[in-house]
Structures are given as structure tokens and as C-alpha cells.
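Please consult the sequence and the model shown here while reading.

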Amino acid sequence: MVHDGFAAMPLIPAIVATSTWDIIGWNRAAQLALTDHEVLPPGERNILLRMFLDPATRAAQSDWESVARFLVATFRAETARAGEDSRA
């Protein structure tokens, strides 16, 4: 769903994701620059799934391997941090 809460940054692609990196909101700039999440089934709106299973997302990375390693490391760190916080 295109989210109006991003009105302060209309030219900067922005997404909102859950702790498991499911994409639940995005602005128009993200829709144009990244992908039209609206047309994706909800089960395919996940940052990691897009990076590893979508050929177009993979091809859009100038150095896919570095980006993929960074994403996995970041996801692991965030998951570990969330596991330490009972409110997460």
C-alpha cells in the first residue's frame, strides 16, 4: 500500500518492513524506483525473498554478492537484537 506518511520525502524511495522484513508499506518513489509492491502477492513482499529469488531485483544490483552478504548480516543482527528484547 502506498503510504501517505512519507509525504515529507516524496523523492526518496522508502519502505516500511516488519521485524522479519515483510514489506507492509511504501511510498510512490519506492514504487517507481524499486518495484510496484502493490502488484506482488503479500507473500512475495519480503526484502530477503526479493533479493534472493527475484531475478530482476538481483540483476538491479551492481555487486549482488556484496549486497546479499550485507543484507544477510544485517538481518541476522536485527534478529538477534529483537530476540533480546521481549517487547519485539
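Aspartate 54 counts as buried, because its relative accessibility is 17% (buried means under 20% relative accessible area, exposed over 50% and partly exposed in between, with a 1.4 Å probe and protein chains only). The model is a predicted one, in which local features need pLDDT of at least 70, side-chain atom pairs count only at pLDDT 80 or more, and totals for chains, interfaces and linings use all residues. Residues are numbered from 1 along each chain as its sequence is written, and side-chain values use heavy atoms, with hydrogens and water left out.

**Salt bridges**

Side chains of opposite charge can pair when their charged atoms come close. A salt bridge is taken here as a side-chain nitrogen of Lys or Arg within 4 Å of a carboxyl oxygen of Asp or Glu. By this rule there are two salt bridges, listed below.

| Salt bridge | N to O distance |
|---|---|
| Aspartate 54 – arginine 50 | 3.1 Å |
| Arginine 69 – glutamate 65 | 2.6 Å |

Arginine 50, the partner of aspartate 54, is also buried, at 12% relative accessible area. In the other pair, arginine 69 is exposed, with a relative accessible area of 57%, and glutamate 65 is partly exposed, at 44%. Arginine 69 and glutamate 65 lie about one helical turn from each other, because they are four residues apart in helix 4.

**The largest pocket**

A pocket is defined on a 1 Å grid over the protein atoms alone, as an open set of points with protein on both sides within 12 Å along at least five of seven lines; lining residues have an atom within 4 Å of a point. Grid points are joined across faces, edges and corners, and a volume is the space filled by probe spheres set on the points. The largest pocket has a volume of about 400 Å³. It is lined by 16 residues, of which Leu34, Arg50, Met51, Thr57 and Gln61 are the closest to its centre. Helix 2 (47-53), helix 3 (55-59) and helix 4 (64-84) each give two or more residues to this lining, and helix 2 gives the most, with three residues.

**The chain as a whole**

The chain holds four helices and two strands, in the order β-β-α-α-α-α from the N terminus. Helices (H or I, at least four residues) and strands (E, at least two) are DSSP runs, numbered from the N terminus. Of the 88 residues, 25% count as buried.

Technical notes:
1 Å grid on protein atoms, 1.4 Å probe; cavity = no way out; pocket = protein on both sides within 12 Å on 5 of 7 lines; lining within 4 Å.
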